Amino acid sequence: MEQVADRPDLALSPLPDLVLATGDLTDRGLREEYGLLGAILSRLPMPVLLLPGNHDRREEMRAALRALDGISLFFFQSAAVFSARSLSFLILSRAGSTVLR
């Protein structure tokens, strides 16, 4: 991941318009782990959207990532994925969700 963050133009061709990273985003949900994640992802030249998983610790995530530019953290109430032929769809419900920018 660090190599991609350092040289996304070599690892990702063409460059994506944004990065959507879905949880679980760390091993144990420790503030230090979220800090490392943020340090890596903040080097990317495109916006990053983080969707925490059910094992992510949202308060630790907020504390570690709150001040980083270019990273948006979205807390959703529910998500569903379904596929039809060669397409996959991610459906997110923001009812009662939190958006941290």
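This is a predicted model: local features need pLDDT of at least 70, side-chain atom pairs count only at pLDDT 80 or more; totals for chains, interfaces and linings use all residues.
Entry 1: I started with strand 1, which covers residues 19-22. I looked up which residues sit on its covered face, and found V19 and A21. L20 and T22 lie on the uncovered face. I reminded myself that side chains in a regular strand alternate between the two faces of the sheet.

**Entry 2: the partner.** Next I asked myself how strand 1 pairs with strand 2, residues 48-51. The pairing is parallel and has four bridges. For L20, I noted L49 as the bridge partner in strand 2.

Entry 3: I then followed the chain from strand 1 through helix 3, residues 31-41, to strand 2. Together they make a β-α-β unit, and its hand is right.

**Entry 4: a patch on the surface.** Back at L20, I found a nonpolar surface patch that L20 forms with L18, V81 and L90. Their accessible area together is about 350 Å². I checked L18 too: it is in the loop between helix 2 (8-11) and strand 1. Is L18 buried, exposed or partly exposed? L18 counts as partly exposed because its relative accessibility is 41%, and that class runs between 20% and 50%.

**Entry 5: the core.** Last, I turned to the largest nonpolar core, which has 15 residues. L25, L37, L41, L44, V48 and L50 touch the most other members. Strand 1, helix 3, strand 2 and helix 4 (58-65) each give two or more residues to this core. Which element gives the largest share? Helix 3 does, with four residues.

How values were computed. Residues are numbered from 1 along each chain as its sequence is written. Side-chain values use heavy atoms; hydrogens and water are left out. Buried means under 20% relative accessible area, exposed over 50%, partly exposed in between (1.4 Å probe, protein chains only). Two strands pair if DSSP finds at least two bridges between them. A crossover is right-handed if, with the strands pointing away from the viewer, the path from the first strand over the helix to the second runs clockwise. Patches are made of residues with over 30% relative accessible area and no salt bridge: like charges are joined within 9 Å, nonpolar side chains (Val, Leu, Ile, Met, Phe, Trp, Tyr) within 5 Å. Accessible areas come from the Shrake-Rupley method with a 1.4 Å probe; for residues, only the protein chains shown count as cover. A salt bridge is a side-chain nitrogen of Lys or Arg within 4 Å of a carboxyl oxygen of Asp or Glu. A nonpolar core is a set of buried Ala, Val, Leu, Ile, Met, Phe, Trp, Tyr and Cys residues joined through side-chain atoms within 4.5 Å.
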